[in-house]
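Hi,

Here is the structure I promised to pass on. Have a look at it first, and then read my notes below.

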Amino acid sequence: MAFDLPKLPYAYDALEPHISADTLHCHYDKHHQGYVDKLNKAVSGTPYADMSLEEVIQKSADKGDETGIFNSAAQHWNHSFFWSCMTGKSTGPTEELTRRIESDLGGFDDFADLFTESATGQFGSGWAWLVLDNGKLKVTATPNAEPPMIHGQHALLTCDVWEHAYYLDYQNRREEFVTTFLKHLVNWDFVAENLRMQGEGNHAAGRAFQDAQHDYAKKPEKVSANAAEAREALEGEEAEELEEARRKTAAGQG
Ligand code: MN3
């Protein structure tokens, strides 16, 4: 099964004046499509061709001779996630998010400073993230294609700080791009949904939600239905297995 480019969740000009249609055409049509094409070519005829995108990323990470596959797969995942992190109708963080940002990061202004510092402090190409790490919110930056999942963290929000993400609109002013992103472009409903689904800290919810994220990129109204399905899945057999695993971990056997 070939990997495909998810549909952009908005029109090319929906993020103007903060991100131009020219940037989105170049970034989505050329860069993201390029990663998908390279990935399909590289996995063709290999065991990777039958894996989910997340499995390809986890299994190719840290394998020296599979760097090409890892980079294309991770960049495909990162970009699919990044498109959903933005909206032309950005509001502020939800109540729950505001509370968590306050308790884990000291408040929204501290979070914004930290996120901007991480994004501008990332030398060369990479990504700035808000992640859930061991149940706590954390701000990080990763180099090149690296996604938080390879460190066992759940991505909640990201900003692409490769030059191709902002150079047409902001030239070398990365900081201005990132502060504009935080102020005008973040889809806080998407971030809140990520927090709600992954806060369980378990594999099944994480996987089900990642599927939902792909659907979200294709069809925004479907995300709630998929999130509900993910929660229901936890009430069946998987929930029992997870409970058993949790008990073992708590007893120090896990
Ligand atoms: Mn990019």
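**What I found**

In the protein chain, residues 24 or more positions apart account for 68% of the contacts with a separation of 6 or more, where a contact means heavy atoms within 4.5 Å.

Some ground rules before the rest. This is a predicted model, so local features need pLDDT of at least 70 and side-chain atom pairs count only at pLDDT 80 or more, while totals for chains, interfaces and linings use all residues. Residues are numbered from 1 along each chain as its sequence is written, and side-chain values use heavy atoms, with hydrogens and water left out.

**Overall layout**

The protein chain has 11 helices and 3 strands; these are DSSP runs numbered from the N terminus, with helices being H or I of at least four residues and strands being E of at least two. Reading from the N terminus, the order is α-α-α-α-α-β-β-β-α-α-α-α-α-α. Of the 254 residues in the protein chain, 49% are buried. Here buried means under 20% relative accessible area, exposed means over 50%, and partly exposed is in between (1.4 Å probe, protein chains only).

Asp 160 has a relative accessible area of 0%, so it is buried. His 164 counts as buried too, at 17% relative accessibility.

**Two helix pairs**

Two packed helices are described by the angle between their axes and the distance between the axes. The axes used here are lines fitted to C-alpha atoms, for helices over the stretch in contact, and the angles run from 0 to 180 degrees between N-to-C directions.

Take H4 (residues 95–105) and H8 (residues 188–198): their axes come within 9 Å and cross at roughly 70°. That makes H4 roughly perpendicular to H8. For the angle classes, under 35 degrees counts as roughly parallel, over 145 as roughly antiparallel, 65 to 115 as roughly perpendicular and the rest as oblique. H4 passes H8 in a left-handed crossing, which is the term when the near helix is turned anticlockwise from the far one by less than a right angle (right-handed if clockwise). On the H4 side, Glu 96, Leu 97 and Arg 100 meet Trp 188, Val 191, Ala 192 and Leu 195 in H8. By class, this contact has 5 nonpolar, no polar and 2 charged residues. Nonpolar covers Ala, Val, Leu, Ile, Met, Phe, Trp, Tyr, Cys and Pro, charged covers Asp, Glu, Lys and Arg, and the others, Gly among them, are polar. H8 itself is mostly covered, with 9 of its 11 residues buried; among them are Trp 188, Phe 190 and Glu 193.

The axes of H2 and H3 also come within 9 Å, crossing at roughly 140°. That makes H2 oblique to H3. This crossing is left-handed. Leu 53, Glu 54, Val 56, Ile 57 and Ser 60 in H2 meet Ile 69, Phe 70, Ala 73, Ala 74, His 76 and Trp 77 in H3. The class count for the contact of H2 with H3 is 8 nonpolar, 2 polar and 1 charged.

- Glu 16 and Pro 17 are joined by a cis peptide bond, with omega about 10°; Pro 17 lies in the segment before helix H1 (21–43).
- Asp 62 is not a glycine, yet its phi is positive, near 65°. Asp 62 sits in the loop between H2 (53–60) and H3 (67–84) and is exposed, with a relative accessible area of 82%.
- Asn 144 also has a positive phi, near 55°. Asn 144 lies in the loop between strand S2 (136–143) and strand S3 (154–160) and is partly exposed at 44% relative accessibility.
- Thr 116 is in helix H5 (residues 108–121) and counts as buried at 9% relative accessibility. Leaving out residues up to four places away in sequence, Thr 116 touches Glu 175, Val 178, Thr 179 and Leu 182.

Cheers
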